[in-house]
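Please read it alongside the sequence and coordinates.

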Amino acid sequence: MRRCAAACSILRCGKSKNSVSSAAFSGAECLAGENRERNGCDMKRRVVVTGMGAVTPVGNCMEAFWNGIRRGETGFAPITRFDTAGYKCRLAAEVKDFRPQDYMDNKSARRMELFCQFAVAAAGEAIRDAGLDMEKEDAYRVGCFVGSGVGSLAAMEREYGRLTQKGPSRVSPLFVPMMISNMAAGNVSIAYGLKGKSLNVVTACATGTHSIGEAFRSIQYGEADACVAGGAESAVTPLGIAGFSALTALSESTDPHRCSIPFDKDRSGFVMGEGAGIVVLEELEHARRRGAFIYAEVLGYGCSSDAYHITSPAEDGAGAARAMQNALEDGNVRPEELTYINAHGTGTHHNDLFETRAIKLAFGAHAGKLRINSTKSMIGHLLGAAGAVEFITCVKELQEGFLHRTVGLQETEEEMDLDYCRENYEEKVPYALSNSLGFGGHNASILIGGEIRE
C-alpha cells in the first residue's frame with residue numbers, strides 16, 4: 001500500500017528521483033489518474049455477481065440445472081461416448097442432448113472441441129442473464145477468465161489415431177488450437193468480443209474456483225470493470241476414464257444411486273462429470289450504474305499449496321484449512337459467522353477425510369455447527385468446471401435460502417462426524433464458502449455473501 005501511494009505521488013509530481021522529465025510521465029499520469037479513480041489506489045473495489053450460465057449433467061441451462069439440484073436429481077448413467085467393455089468404470093455424468101448449433105453457427109462448432117462448446121454456451125447464457133451489452137461497454141475493460149483442467153483428450157485420441165494409422169500428413173491443422181486448454185477462454189472472448197485481460201487458469205480440480213477468484217482480484221484492483229469467468233471440461237473419453245481409473249480415483253460402482261456418495265463410509269471414488277459453469281462478475285458501482293440485477297457479492301478469495309503429493313491432499317488438512325482462513329480474512333468475516341460450506345467433496349477416501357480434517361482445523365469447535373454439502377453427489381466431478389458450477393450453486397442457495405442435501409449419503413465414519421446435509425435445509429444463511437482442491441496440492445476457497453453490505 002505504501003508502494004502504491006508512493007507511485008501515485010511520483011506520478012502526480014510528474015518527476016522521479018532520477019529527474020525524468022514531466023513530459024515522459026504525461027501518458028502514465030493520465031492512466032494512473034484513471035486507475036486511481038477506478039480503484040481508489042488505497043482500497044479494493046467491491047465485486048458482485050450479475051449473471052450465471054450452466055451446462056451440466058442435470059440440465060443444459062440455469063433453470064434446468066437448478067431445478068434438478070433442488071429436486072435432488074442425479075446425472076449418472078452408463079457411458080455412451082465409447083464402448084466400456086474392459087473398463088472397470090462404466091458410469092459417468094455426461095451432458096445430455098447438447099446441440100452446439102443451438103448456441104453457435106456450424107462453422108464455429110466444427111472449430112471447437114466439446115469443452116469449448118460448453119464454455120461458449122454457458123457464457124452466452126451468463127452474459128444474457130447479466131444484460132451485459134458489449135456495444136455499450138469498453139471491451140478492453142471486460143475480461144475473460146475461463147479455465148479448463150484438461151483441454152481436449154478427445155482431440156488427442158482422435159489425432160493420434162490418424163497419426164499412427166495414416167501418417168503425420170493426415171493430422172488436422174486445427175489439432176493444436178482445438179486441443180489446448182486455453183481455447184475455452186479464447187473462444188469465449190472471440191464469441192462475445194471480450195478484449196480485456198484474458199487468462200486460462202489450470203490448477204486441475206481447482207481451476208474453476210481459481211478462475212473466478214482471479215477475475216475477482218482483477219476487478220478489485222482496477223484491471224477490469226467486468227469479467228466473464230468460470231470453467232469448462234469434457235474428459236469422458238477412453239483415455240480420461242482409463243487414466244483416472246488407473247489412479248484408483250474413480251468409483252467402480254454400477255449403481256447410479258450409490259456411485260457418487262461423498263462423505264459416506266462406503267464411498268469408493270468420484271464419478272467423471274462434464275459441462276461448464278460461467279458467471280459475470282462486475283465492480284459494484286459499474287453494475288449499479290447500468291441497473292443490473294445483483295445476485296450476490298464476492299467477499300473473499302483464499303489460496304494455498306499443500307506442497308505434499310501429486311494427487312493426495314495433505315493428510316492433516318493444513319493447506320486446505322489455510323485457504324479457507326485466507327478467504328474469510330480477505331472477506332472480513334469471522335469464522336463463527338460462517339454457517340455453510342460447499343465442500344470439494346469428491347467421494348474419494350482421502351479427499352473427504354482430509355477435507356473434514358481441514359474444516360476442523362480451520363474452524364475448531366465451530367466446525368460442528370456448519371452445514372456442509374457436496375454438489376458432486378448429483379453431477380459428479382466436473383474437474384476444471386467443478387468449482388465454477390459449485391460457485392453458481394452457492395449463489396442460488398444464498399438467493400433462495402435453500403441448502404441442498406448430499407444425495408446418497410447414508411452413514412459416515414469415525415472422524416467424519418460433521419453435518420454433511422443428509423437432508424435439504426430451507427435455511428437462510430448470510431455467507432457461503434466454496435472449496436476446491438486440485439491435484440498437485442492446489443487449494444482454493446471463495447467466500448460469497450448473499451446480501452450487499454452497505
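Is Glu 282 buried or exposed? Glu 282 is buried, because its relative accessible area is 0%. The model discussed here is predicted, and it holds 29 salt bridges.

**Arg 290 and Glu 282**
- A salt bridge links the side chains of Arg 290 and Glu 282, with an N to O distance of 2.4 Å.
- Arg 290 has a relative accessible area of 27% and is therefore partly exposed, whereas Glu 282 is buried at 0%.

**Arg 267 and Asp 352**
- Arg 267 pairs with Asp 352 in a salt bridge whose closest N and O atoms are 3.6 Å apart.
- Arg 267 sits in the loop between helix 10 (238-246) and strand 7 (275-283), while Asp 352 belongs to helix 13 (residues 349-363), so this pair ties together parts that are 85 residues apart in sequence.
- Both Arg 267 and Asp 352 are buried.

**Lys 376 and Glu 390**
- The side chains of Lys 376 and Glu 390 form a salt bridge with an N to O distance of 2.7 Å.
- Lys 376 is in helix 14 (residues 376-379) and Glu 390 is in helix 15 (residues 386-400), so the contact ties together parts that are 14 residues apart in sequence.
- Lys 376 and Glu 390 are both buried.

Note on methods:
Residues are numbered from 1 along each chain as its sequence is written. This is a predicted model: local features need pLDDT of at least 70, side-chain atom pairs count only at pLDDT 80 or more; totals for chains, interfaces and linings use all residues. Side-chain values use heavy atoms; hydrogens and water are left out. A salt bridge is a side-chain nitrogen of Lys or Arg within 4 Å of a carboxyl oxygen of Asp or Glu. Helices (H or I, at least four residues) and strands (E, at least two) are DSSP runs, numbered from the N terminus. Buried means under 20% relative accessible area, exposed over 50%, partly exposed in between (1.4 Å probe, protein chains only).
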